[in-house]
Amino acid sequence: MEAARGEEPLSGERGAATPRQARRIRIALASVMMGAMAVVLVVRLASRTSVLVVGVYGAALVLCGVVIELSRHGRTRLGSWLLGIGLAAALAADWLLLP
């Protein structure tokens, strides 16, 4: 059965996730990335102590928290872009800025 113009397709059609499922997936992904960034922060601080290390990975942790809140409020697309670009920027900053 095709969806009428202007109506959302049913959750079983096209294999797309419902908005609630998308929010939960994004929250889970951001939570996992937050844990990973915390582990990397601890490992980096064990090898070298620097305010820049804390700044880069602290910003990544805050970014993950912002994405979780955005997802809770239904802004999953914005959260997806922000998570991808922000974590890529944090890793690039680690590679470029940190000795």
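Predicted model: local features only at pLDDT ≥ 70, side-chain atom pairs only at ≥ 80, totals over all residues.
At what angle do the axes of α1 and helix α3 cross, and within what distance do they come?

**View 1. Helix α1 on its own.** Let's start with α1, which has 29 residues. From its first C-alpha to its last it reaches 42 Å, close to the 42 Å expected at 1.5 Å a residue. Look for R26, A30, M37 and L41 here: these residues of α1 are buried.

**View 2. Helix α1 meets helix α2.** Here α1 (residues 19–47) sits with α2 (residues 51–72), and their axes are 9 Å apart. The two helices pack at an angle of about 170 degrees. Because angles over 145 degrees count as roughly antiparallel, α1 is roughly antiparallel to α2. Sort the residues of this contact by class and you get 17 nonpolar, three polar and four charged.

**View 3. Helix α1 meets helix α3.** Now for that opening question: the axes of α1 and α3 (residues 76–97) come within 10 Å and cross at roughly 15 degrees. That angle makes α1 roughly parallel to α3, and the crossing is left-handed.

**View 4. Who touches whom between α1 and α3.** On the α1 side, the contact is made by A22, R23, R26, L29, A30, M33, M37 and R44. On the α3 side, look for T76, G79, S80, L83, L87 and D94. By class, the residues of this contact split into seven nonpolar, three polar and four charged.

Terms used:
Residues numbered from 1 in each chain as written. Heavy atoms only, no water. Axes fitted to C-alpha atoms, helices over the stretch in contact; angles between N-to-C directions. Helix = DSSP H or I, 4+ residues; strand = E, 2+ residues; numbered from the N terminus. Parallel < 35°, antiparallel > 145°, perpendicular 65-115°, else oblique. Nonpolar A, V, L, I, M, F, W, Y, C, P; charged D, E, K, R; others polar. Left-handed = near helix turned anticlockwise from the far one by under 90°. Contact = heavy atoms within 4.5 Å. Expected span 1.5 Å × (residues − 1). Buried < 20%, exposed > 50% of the residue type's maximum accessible area, 1.4 Å probe, protein only.
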